[in-house]
Amino acid sequence: MHTVTRGLVLREVNYKESDKILTVLAEGEGKLTLKAQGCRRKNSPLAAGSQLMVYSDMTLYEYQGRLALKEANTQNEFRGVREDLTKLALGSYFAEVCEAVAEEGVETPGLLSLVLNSLYALDKLGKPETLVKAAFEMKLCCLIGYEPLLEGCAVCGTETPAEPQLNLSEGVLHCKACRRELGEDSISLPLDCSTLTALRYIVHGDPKRLFSFQLAPESLESLGGVCESFLLTQLERGFRTLDFYKGLAI
C-alpha cells in the first residue's frame, strides 16, 4: 500500500552506510518518521528530498513495520536559506520547534503552512530575520493552544492598558500597575504601543499576510524578545538551534 503526500523534512539522521531516518511534517498527516533507503548513495533519486528543510511530493510505503520513502519530487529547497549560514541556523530552529510541538501521525492545522511561509519569507521576501522569527514564534504558540489574551488588561479590564506588559506564564496583557495581582513569581515584559500593535496583528491578523508589517528597530527588538521569551516559557524548554543562531549574531 502506498501513500502520497507532501512533506517538509524537519530532521535527518544518517543510518547505516547509505540510509537516513527522516522526521517529516506531512500535509494532512502530522509528524512522520520515515526511512529513506539508499538516499546517501551517489545519484540516488531520493537524495534531494531527504535533506533538511526540503519540501517535496512524497510517495510512502510500509517496509518492515516502518514507513519508507519510495519517491520524492522536490517542490522547494529554499536555496536562499540553505546558502546563508545565519538563515540556515534560523530555519533549523524553525524545524526543531516544529518537531518538538508536532504529534506523530496527528495534524496540527496551520503548522505546515506556518513553517513553509516562514522559510519562504527568509528565502524570498527580504524581511528582517527578527521580524520573521518573532512572527513564527508567536503564531506557533497560537496554533498549539497558547494564544495570549491581548484585548485588554486581564486585571482591571481596560482596553488600553497603562504602560502595558505581557505576563509570560499566564499569557495575558496587563497594566504595569496591575502587575502585583498576577503573583510575584511570574515574569512580565514591557510593551510599547508599536510592539503591542504588532503582537495583535500576528495573533489576530490574516495568516497569509503574517509578515506584512514594519517596526522601528527598537520596537522590533522588543517584539523579538517578547515572542522568544513567550514561546520558551510556554514550552518550558530551550533549543540548541536557537542557541547556535544567537551565537552567530554575537
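The dialogue below takes up the core, then one lysine.

Reply: This is a predicted model, in which local features need pLDDT of at least 70, side-chain atom pairs count only at pLDDT 80 or more, and totals for chains, interfaces and linings use all residues. Residues are numbered from 1 along each chain as its sequence is written, and side-chain values use heavy atoms, with hydrogens and water left out.

Me: How many residues does the largest nonpolar core have?

Reply: In soluble globular proteins, nonpolar side chains tend to be buried together. A nonpolar core is a set of buried Ala, Val, Leu, Ile, Met, Phe, Trp, Tyr and Cys residues joined through side-chain atoms within 4.5 Å, where buried means under 20% relative accessible area (1.4 Å probe, protein chains only). Here the largest has 58 residues, and Leu140 is one of those with the most contacts inside it.

Me: Which helix gives the most to this core?

Reply: H4 does, with 9 residues; helices are DSSP runs (H or I, at least four residues), numbered from the N terminus.

Me: Which side chain of opposite charge is nearest to Lys139?

Reply: Lys and Arg count as positive, Asp and Glu as negative; His and the chain ends are not counted. A salt bridge needs a side-chain nitrogen of Lys or Arg within 4 Å of a carboxyl oxygen of Asp or Glu. Lys139, in helix H4 (residues 129-143), is buried without a salt bridge, and the nearest such side chain, Glu147, is 6.7 Å away.

Me: What lies 3.2 Å from a polar atom of the Lys139 side chain?

Reply: The backbone oxygen of Ile202 does.

Technical notes:
Helix = DSSP H or I, 4+ residues; strand = E, 2+ residues; numbered from the N terminus. Buried < 20%, exposed > 50% of the residue type's maximum accessible area, 1.4 Å probe, protein only. Polar contact = N/O pair within 3.5 Å; in protein donor to acceptor, adjacent residues only side chain to side chain.
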